[in-house]
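Please load the model in your viewer and keep a selection panel at hand. The tour goes from the whole chain to single residues.

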Amino acid sequence: MSSTKATAPGKIILFGEHAVVYGRPAIAAPLMHVRAQATVQTNEERGIRLFAPDLGREYWLKDARKKDPLAKAVNLILAELNLSKTPNLAVTVRSAIPIASGLGSGAATAAAVIRATYNHLSEQGPVSDATVSSLTYQVERILHGTPSGIDNTVVAFERPIFFVRQEPENRIEILDLTSPIHLLIADTGVVSKTKIVVGDVRRQWEQKKDECERLFDHCGEVARRARPAIELGDTRRLGQLMSENQSYLRQLTVSSPELETLITAAEKSGALGAKLSGAGRGGNMIALVTEGNASEVRNGLLTAGALGVLESVIG
Ligand code: PMV
């Protein structure tokens with residue numbers, strides 16, 4: 001039986017989460033070694049069987065709920081390829097990316113399924129990154145409501161990006177780093193759903209538009225200033241900007257006591273800067289470190305209660 005595999009990385013947002021939903025620039029990077037994987041096999045049984053062993057789930061596509069993200073990803077490909085007959089397939093998805101923790105697990109899972117399913121069924125060669133991104137966006141919409149588009153872009157292109165949500169087309173610029181940057185990613189262990197936090201920010205924005213717009217402007221300005229610092233490897237500046245971004249996120253009320261504890265611990269043990277990453281209120285934080293102090297900061301984070309600490313080199 002022929003089979004096709006594809007993977008997609010997790011992601012972190014370095015600058016500009018939340019403000020990016022309101023048209024301000026943001027910077028994100030893939031987590032190349034933490035990935036989701038999809039396998040698509042031609043099956044003998046009739047129909048499309050979906051397997052998500054990490055969630056202990058197995059079901060037929062035709063029986064899936066309307067808002068099931070795995071089913072949505074597969075259905076998008078069937079529509080995209082305009083197949084006259086439903087193929088007989090087994091689609092299996094696994095992920096090493098923790099869910100609901102700001103690391104883009106939903107987007108990565110969708111992107112892996114979209115890439116594997118398309119490449120398995122297409123007679124026109126492999127799917128483009130741009131198509132993976134736009135179809136993943138459509139899956140993200142059922143998970144998140146009003147996604148900015150940054151998650152699907154970074155997991156499809158697998159490169160650090162400068163991103164602005166805008167019409168008629170998002171601005172997407174791949175960043176080339178002169179020297180790699182070292183990050184630690186620490187898990188608060190608190191599960192936080194992006195849709196809920198994004199909805200809360202929306203309510204705040206409706207009630208206090210001027211104040212929220214001012215904070216979004218600050219976040220956007222920080223992302224704009226961070227871009228040359230990332231490209232030139234100016235880590236001191238980058239660290240300061242991360243801490244500045246965190247102060248605006250705090251004012252937006254998307255931080256949490258657990259995130260603050262880890263951010264303080266990282267800074268005290270020598271990180272150049274630290275902030276939450278993604279929707280906030282839980283999930284993961286990121287700390288900018290050097291090769292020299294990474295293990296000290298890691299110990300500081302674990303002592304302060306981090307559930308786990310990943311290391312990532314961007315660039
Ligand atoms: O929590 P995550 O990893 O899905 O990141 C959400 C980022 C937000 O800016 C809060 C929302 C968005 O769609 O960009």
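What follows is a sequence of selections, each with a description of what is there.

This is a predicted model, in which local features need pLDDT of at least 70 and side-chain atom pairs count only at pLDDT 80 or more, while totals for chains, interfaces and linings use all residues. Residues are numbered from 1 along each chain as its sequence is written, and side-chain values use heavy atoms, with hydrogens and water left out.

**The whole chain**

Colouring by secondary structure brings out 9 helices and 11 strands, which are DSSP runs numbered from the N terminus (helices H or I, at least four residues; strands E, at least two). Of the 315 residues, 54% count as buried, where buried means under 20% relative accessible area, exposed over 50% and partly exposed in between, with a 1.4 Å probe and protein chains only. If contact is taken as heavy atoms within 4.5 Å, then among contacts between residues at least 6 apart in sequence, 71% join residues at least 24 apart.

**The nonpolar core**

Next select Ile12, Leu14, Phe15, Leu50, Val91, Met285 and Leu301, the residues with the most contacts inside the largest nonpolar core, which has 106 residues. Such a core is a set of buried Ala, Val, Leu, Ile, Met, Phe, Trp, Tyr and Cys residues joined through side-chain atoms within 4.5 Å. Its largest share, 10 residues, comes from H2. Centre on Phe15, and, leaving out residues up to four places away in sequence, you will find that it touches, among others, Ala26, Ile27, Val222, Leu238, Met242 and Lys275.

**Helices H1 and H2**

Now show H1 (residues 69-80) with H2 (residues 105-121), which pack at an angle of about 35 degrees with their axes 9 Å apart; the axes are lines fitted to C-alpha atoms over the stretch in contact, and angles run from 0 to 180 degrees between N-to-C directions. Residues making this contact include Leu70, Ala73 and Ile77 of H1 and Ala110, Val113 and Tyr118 of H2.

Which residues of H4 are buried? Select 150-157: 7 of the 8 residues of H4 are buried, namely Ile150, Asp151, Asn152, Thr153, Val154, Val155 and Ala156. Their cover includes S1 (3-15), S2 (26-42), H2, H3 (129-144), S6 (161-164) and S7 (171-174). H4 is followed by Glu158, whose phi is positive, near 55 degrees. Moving on to the loop between S6 and S7, pick Pro168, where the peptide bond from Glu167 is cis, with omega near 0 degrees.

Thr253, in the loop between H7 (235-251) and H8 (257-268), has a positive phi near 65 degrees and is partly exposed at 40% relative accessibility. Arg281, in the loop between S9 (273-276) and S10 (284-289), also has a phi near 65 degrees and is partly exposed at 25%. Finish at Ala304, between H9 (294-303) and S11 (309-314), which, leaving aside neighbours within four places in sequence, is in contact with Thr261, Leu262 and Ala265.
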